[in-house]
Amino acid sequence: LLCDLDGTLQPLAEAKVSVMDRGFLFGDGVYEAMPVYGRRIFRFDQHMARLARNLDKLRIPAPLDRDGWLARIRRLIDAHAAEDQIVYLQVTRGVAMREHVMLPGLTPTVFLFSQPMRPVPAEQRHHGVACVTARDLRWARGDIKSISLLGNVMARQVSADAGAAETLLLRDGEPGGPWLTEGASSNAWIVHEGALLGPPMDGHVLEGIRVALLRELCEEEGIAFNLRPLSEADLRAADEVLLSSTGKEVLAVTRIDGEPVGHGALRGKPGPVYARLFEAYQRAKCE
Ligand code: PMP
């Protein structure tokens, strides 16, 4: 595998950054992970817009403009054989003596690598996946796609230890909660009375690129779409539960904490809204 570190293509295993990089010392940086299908970057402009917003929030100067990023990413994709890839890109504030203050004038460190995409296994496509819930103990700036992912790593391990595919996070708060926020590395959705519902995209949730995409696909399909607070009770009573992310695309959750999701004949099985959104997603990829 090849990577691109500060504009130089090199073997991934040989790339080195300084121990004084603020990404290493503070987790002071942001990232993107974007899907590539048939060598085309899916939703490139949306990923770049989110990256620009995140850099802005952290006052990290944009190292490249849209076309600069496109050239770098294209070169990396072309250096690999796979038609379908996932490109990972991260920008840290740069190298400096250790000091919490956001020192101005640093040169951001820019790192990209690409891997062949591993499609969701057929078994998970057909039967859905099991998830477990855990308390959301992360900070209140989940809108920033920060490389500081310790909370997400700890959350994901809860489901890994249980042999489950993802951890659904529930945040304590006001009467009526706890509230569904998202997965450890995905957005979470429920289906209620035929509508796709997600939590509000506030500081507790990362606005996945698939959030706007699912809104568009729902519109095409005539499925109602709404973002509003979803309680743990809403989650446990849902007709369907879905995850979305670059790697999972859209994926059905058919068990939560060991209990089958849904009602009647569809209990524990991927539901009709999932099936329609999955098909619509596959069509969108090919457009
Ligand atoms: N939330 C979190 C915490 C994530 O890590 C991800 C995946 N990057 C998502 C949501 C989904 O975002 P996207 O659709 O852009 O992959």
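Six strands make up an open sheet with antiparallel pairing, in the order β2-β1-β6-β5-β3-β4. The model is a predicted one, in which local features need pLDDT of at least 70 and side-chain atom pairs count only at pLDDT 80 or more, while totals for chains, interfaces and linings use all residues. Residues are numbered from 1 along each chain as its sequence is written, and side-chain values use heavy atoms, with hydrogens and water left out.

**Strands**

- Strands (E, at least two residues) and helices (H or I, at least four) are DSSP runs numbered from the N terminus, and two strands pair if DSSP finds at least two bridges between them.
- β3 and β4 are joined by two bridges in the antiparallel sense.
- V36 has I41 of β4 opposite.

**Domains**

- The protein has two parts, domain 1 (2-116) and domain 2 (122-286), with bounds that come from an automatic or database domain assignment.
- Between the C-alpha centres of domain 1 and domain 2 there are 27 Å.
- To the contact (heavy atoms within 4.5 Å), domain 1 gives 25 residues and domain 2 gives 23 residues.
- About 1800 Å² is buried between domain 1 and domain 2, with 59% of it on carbon and sulfur atoms; buried area is the accessible area (1.4 Å probe) that two parts lose on being put together, summed over both.

**Across the interface**

- There are 10 residue pairs in polar contact between domain 1 and domain 2, both residues at pLDDT 80 or more.
- A polar contact is a pair of N or O atoms within 3.5 Å; within protein, one must be able to donate a hydrogen and the other to accept it, and residues adjacent in sequence count only if both atoms are side-chain atoms.
- On the side of domain 1 that touches domain 2, β3 supplies the largest share, eight residues.
- Two salt bridges cross the interface of domain 1 and domain 2.

**Salt bridges**

- A salt bridge is a side-chain nitrogen of Lys or Arg within 4 Å of a carboxyl oxygen of Asp or Glu, and the structure holds 24 of them.
- E32 and R50 form a salt bridge at 2.8 Å, N to O.
- That pair links distant parts of the chain, with E32 in strand β3 and R50 in helix α2, 18 residues apart.
- R43 and E216 also form a salt bridge, with their closest N and O atoms 2.6 Å apart.
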